[in-house]
Amino acid sequence: MSKMKKLFLYSICAVLIIFYLYVLYLGQHPRVGLEYRMYYITHELSDWPGYGRLAYNLDTEQICTGLMRPDNSYVDYTVCQTKGQGWERNQYTGSVNNNTTSTIYYIPTTTDEKAVFAFNIKEYSGSGEVDVMIGDQKIGTFNGTGDFAFDTAGAVKEGEMIKISFVARNCSFKLWSVCLKSGKQVK
């Protein structure tokens, strides 16, 4: 084999090695949006909200079902697509917890020191209670059905992610609706 041919083959091999090392680097350090990272890479979200859809306007009531009804027609209300892990897959009549901890994420578009997290529990079974947490801070507890509202303790800050967790002990519940209400809307 001639020296030119060998040099050409070695050059191609060197280029391929550099290319594959670059691809490995990109795989370890992907440049993707937050929603993509949370859904596809870290698996923190159970539903794909879409790019930029973790942003939340206060006082927007969201219903905790899927986007489609059992007959495959689309729903005509605002669906909570920012649920994390801990929820059953099929959500036609509300979201049922399937783990001790079930989560919802928000990135508020405004700051409100007096905001309240309001939600409706459609079904409840078991003898235990459910703690509602924002981050590591407990904001309330419930043990039945109905409408609940807990002070967010100043956790609603523009652009800062809020992780709301439902920590269930010896019980199961079905979440129907959720809403971060601004302080001016709360009576």
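Student: Which residues make the nonpolar surface patch of about 820 Å²?

Tutor: Happy to go through it. This is a predicted model, with local features needing pLDDT of at least 70 and side-chain atom pairs pLDDT 80 or more, while totals for chains, interfaces and linings use all residues. Numbering starts from 1 along each chain as its sequence is written, and side-chain values use heavy atoms, leaving out hydrogens and water.

The patch is built from Met1, Phe8, Leu9, Ile12, Leu16, Phe19, Tyr20 and Val23. (Patch residues have over 30% relative accessible area and no salt bridge; nonpolar side chains, meaning Val, Leu, Ile, Met, Phe, Trp and Tyr, are joined within 5 Å, and like charges within 9 Å. Areas are Shrake-Rupley values with a 1.4 Å probe, and only the protein chains shown count as cover for residues.)

One of these residues, Leu9, sits in helix α1, which covers residues 3-28. (Helices, H or I, of at least four residues and strands, E, of at least two are DSSP runs numbered from the N terminus.) The relative accessible area of Leu9 is 40%, so Leu9 is partly exposed. (Buried is under 20%, exposed over 50%, and partly exposed in between, with a 1.4 Å probe and protein chains only.) The helix as a whole is hardly covered: of the 26 residues in α1, the count of buried ones is 0. From its first C-alpha to its last, α1 reaches 37 Å, close to the 38 Å expected at 1.5 Å a residue (1.5 Å times one less than the number of residues).

How far does that helix lie from the strands? Ser172 belongs to strand β10, residues 171-181, and is partly exposed because its relative accessible area is 26%. Beyond its neighbours within four places in sequence, Ser172 touches Val96, Asn97, Glu123, Tyr124 and Ser125 (contact means heavy atoms within 4.5 Å).

Strand β9 gives us Ser165, which is buried because its relative accessible area is 6%. With neighbours within four places in sequence left aside, the contacts of Ser165 are Thr101, Ser102, Thr103, Asp131, Val132 and Met133.

Side chains of opposite charge can pair when their charged atoms come close. The whole structure holds 6 salt bridges (a side-chain nitrogen of Lys or Arg within 4 Å of a carboxyl oxygen of Asp or Glu). Asp131 and Arg169 form one of them, at 2.6 Å from N to O. Since Asp131 lies in strand β6 (residues 130-134) and Arg169 in the loop between β9 (162-168) and β10, this pair ties together parts that are 38 residues apart in sequence. Salt bridges with shared partners join Asp131, Arg169, Glu129 and Lys138 into one network. Within it, Asp131 also bridges to Lys138, with the closest N and O atoms 3.5 Å apart. Asp131 is buried at 12% relative accessible area, whereas Lys138 is partly exposed at 48% and Arg169 is partly exposed at 34%.

Another salt bridge joins Asp76 to Arg69, with closest N and O atoms 3.5 Å apart. Here Asp76 counts as exposed, at 69% relative accessibility, and Arg69 as partly exposed, at 30%.
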